[in-house]
Amino acid sequence: MAGKISIIGAGVGGLSLAARLASRGYEIDIYERLPECGGRAHIIRDKGFVFDTGPSFVLMPEFFGEVFSYCQQDIKDYLNLKVLDTSYKIFYTDGKVLTVYKDSEKTKQELERLEPGASRGYDKFLKEIGQMYFAVKPLLYKPFYRRDILNPKYWPLLPKLKIFQSYWKIAKKFFKSERLCYAFTFEAMFIGVSPFVSPAFYSIITYVDHKEKIYHPLGGMYEIPKALEKIALKFGARINYNFEIEKILQNDDRFILKSKQGDIDSEKVAVNADYSYSQESLLKRPLRQLDYSCSVYLLYLGLKRKVSGLAHHNLFFSSDLRRNLKEIFDSGDIPLDPSFYVHVPTVTDPGLAPEGKSIAYILVPIPNLEKSQGINESEEERLRKIIFSKVKLSTGIDLEDLIEVEHKFFPDDFISRYNIKNAATFGLAHTFSQSAFFRPYNNDQTFKGLYYVGASTQPGGGLPTVIASSKIVADMITGEAKKP
Ligand SMILES: Cc1cc2nc3c(=O)[nH]c(=O)nc-3n(C[C@H](O)[C@H](O)[C@H](O)COP(=O)(O)OP(=O)(O)OC[C@H]3O[C@@H](n4cnc5c(N)ncnc54)[C@H](O)[C@@H]3O)c2cc1C
């Protein structure tokens, strides 16, 4: 046996790490406070409706393939990833709609319709952000430390990464209308930050969305954590559900994990639970001032019938996006006229609802609980009215009238369910000062043998990068990181 490792949390980060290490012969115990795996990538089943509660976009499929091949498994035996012909639809308040297709030529026709000449800008924009993507991609599997800033090896990268530009600024160079600038920067919201603040190199998300396309795992997103859990179990990992770790103590190069079920002695520990929570609550350390991503209000609707006019992914933009971003990220107000996202997975995967019915999952970015008090009943009522009337105006679909089953998720639920500091849905914000060298490291700088895997560590939040963080930690533990 290669060694014994305890992992705190069975989110996608913890599961990927467990699968990797178990496949290399390590003895793995995962401790998860909830009764099931997946963490933020969870599921609700009700009356034949299957709602994925968290992630809905599969971007960068190569990163998913990598963890399966690391474990000598064929991803095709576990996941049926289907590329979407219509990537998404963007609905503007003035009634205009932009559809982004898998086929870039069709997307260009759409762009020309909205802004004559924009298809040339599109090609140039993708070329520029493509250079960033190819510069950044190999680095996503590497740990960075502040001292690396002095390493001349990384200096040639700096101009390529346009570190002094924002996500927004890079789009503004290629598109005239704010309408299109938003269409090419809204992906910043995937990592919970404003495109005006997020550094330009995160536009690699826009690149992969347009160039590598968008995928959906048939059976729903929950197939992903389930597949990782299956591999971990296949290689002998033990997963202890309903098992909350309350404290991590260090003693003579070993760790004691305190829980209601008793003490666990472990040589090495990897924390998948939220980084800030782990520092404050598990290690009882003071936490430095950090910036947090936004939170979200979520509605999961099981609809009485199929709907037409909405794509698998739909974005409804606020009439005043600048004000909307200010409310979410600066003033901490519940948006007056929110932007929101509507996920209709039954467009691609009808089996997620009973015959003839469909699903609409609605996500509204709102301030996190460091900036606001959350959302009260009257604010919720107001948001729902706006959402339902905007969807009706743009598509003719009366969502409210079609509701058969309804579930909701509020910012507070991110704390009570997942222990996420400030209910910051996407973890630590992806600002310049919390990226790469400056993002929390994957290994503890005080306790040898303590590691961090997941969204608020390096390289960052989102499923592909969380999977990459599990490779960084696995390489540290197996010693692969030291190999040239
Ligand atoms: C609404 C939403 C939409 C998203 N959309 C996308 C998307 O479309 N595409 C994409 O790629 N990403 C998306 N993301 C981001 C993605 O889901 C996350 O980055 C990723 O799932 C985080 O995984 P993780 O393993 O880091 O953390 P988590 O999923 O938070 O897992 C941590 C686990 O630790 C457990 N835990 C916490 N404390 C303890 C304790 N004391 N003891 C034991 N267990 C504990 C928690 O219960 C949890 O299961 C979305 C996230 C959300 C919430």
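Reader: In this predicted model, does alanine 423 count as buried or exposed, and how many C-beta neighbours does alanine 423 have inside 10 Å?

Author: A residue is buried if 20 or more other C-beta atoms lie within 10 Å of its own, and exposed if 12 or fewer do. Alanine 423 has 25 C-beta neighbours inside 10 Å, and therefore counts as buried. Alanine 423 is found in the loop between α14, residues 411-418, and β19, and its phi is near 55 degrees, which is a positive value in a residue other than glycine.

Reader: Which other residue has a positive phi although it is not a glycine, and where does glutamine 72 lie?

Author: Glutamine 72 has a positive phi of about 55 degrees, and it lies in the loop between α2, residues 61-70, and β5, residues 81-83. Glutamine 72 is exposed, because 9 other C-beta atoms lie within 10 Å. For arginine 323, a residue of helix α11, which spans residues 321-331, there are 15 other C-beta atoms within 10 Å, so arginine 323 is partly exposed.

Reader: Where is the cis peptide bond at proline 459, and in which loop is proline 459 found?

Author: The bond that runs from glutamine 458 to proline 459 is cis, with omega near 0 degrees. Proline 459 is found in the loop between β19, residues 450-452, and α15, residues 463-478.

Reader: How are two packed helices described, and at what angle do α3 and α4 pack?

Author: The description of two packed helices uses the angle between their axes and the distance between the axes. Helix α3, residues 104-114, packs with helix α4, residues 118-136, at an angle of about 130 degrees, and their axes are 7 Å apart. The two helices, α3 and α4, are therefore oblique to each other. On the side of α3 the contact is made by Lys108, Leu111, Glu112 and Leu114, and on the side of α4 by Ala118, Ser119 and Tyr122. Sorted by class, the contact of α3 with α4 has 4 nonpolar, 1 polar and 2 charged residues.

Reader: Into which domains is the protein chain divided, and how many residues does the contact take from domain 1 and from domain 2?

Author: Domain 1 covers 4-45 + 222-290 + 428-482, while domain 2 covers 82-218 + 292-417. Taken over C-alpha atoms, the centres of domain 1 and domain 2 are separated by 27 Å. The contact takes 23 residues from domain 1 and 23 residues from domain 2. On the side of domain 1 that touches domain 2, α9, residues 223-234, and α15 each supply at least two residues, and α15 gives the most, with 4 residues. That side of domain 1 divides into 12 nonpolar, 9 polar and 2 charged residues.

Reader: How many residues surround the ligand, and why does the ligand lie between domain 1 and domain 2?

Author: There are 35 residues that surround the ligand, and the closest are Gly9, Gly11, Gly13, Gly39 and Gly454. The elements that give two or more residues to this shell are α1, residues 12-23, and α15, and α1 gives the most, with 3 residues. By class, the shell around the ligand has 18 nonpolar, 13 polar and 4 charged residues. Because domain 1 and domain 2 both give residues to the shell, the ligand lies between them.

Note on methods
Residues are numbered from 1 along each chain as its sequence is written. This is a predicted model: local features need pLDDT of at least 70, side-chain atom pairs count only at pLDDT 80 or more; totals for chains, interfaces and linings use all residues. A residue is near a molecule or strand if its C-beta atom, placed from the backbone, lies within 6 Å of it. Ala, Val, Leu, Ile, Met, Phe, Trp, Tyr, Cys and Pro count as nonpolar, Asp, Glu, Lys and Arg as charged, and the others, Gly among them, as polar. Domain bounds come from an automatic or database domain assignment. Axes are lines fitted to C-alpha atoms, for helices over the stretch in contact, and angles run from 0 to 180 degrees between N-to-C directions. Angles under 35 degrees count as roughly parallel, over 145 as roughly antiparallel, 65 to 115 as roughly perpendicular and the rest as oblique. Two residues are in contact if their C-beta atoms, placed from the backbone, lie within 7 Å.
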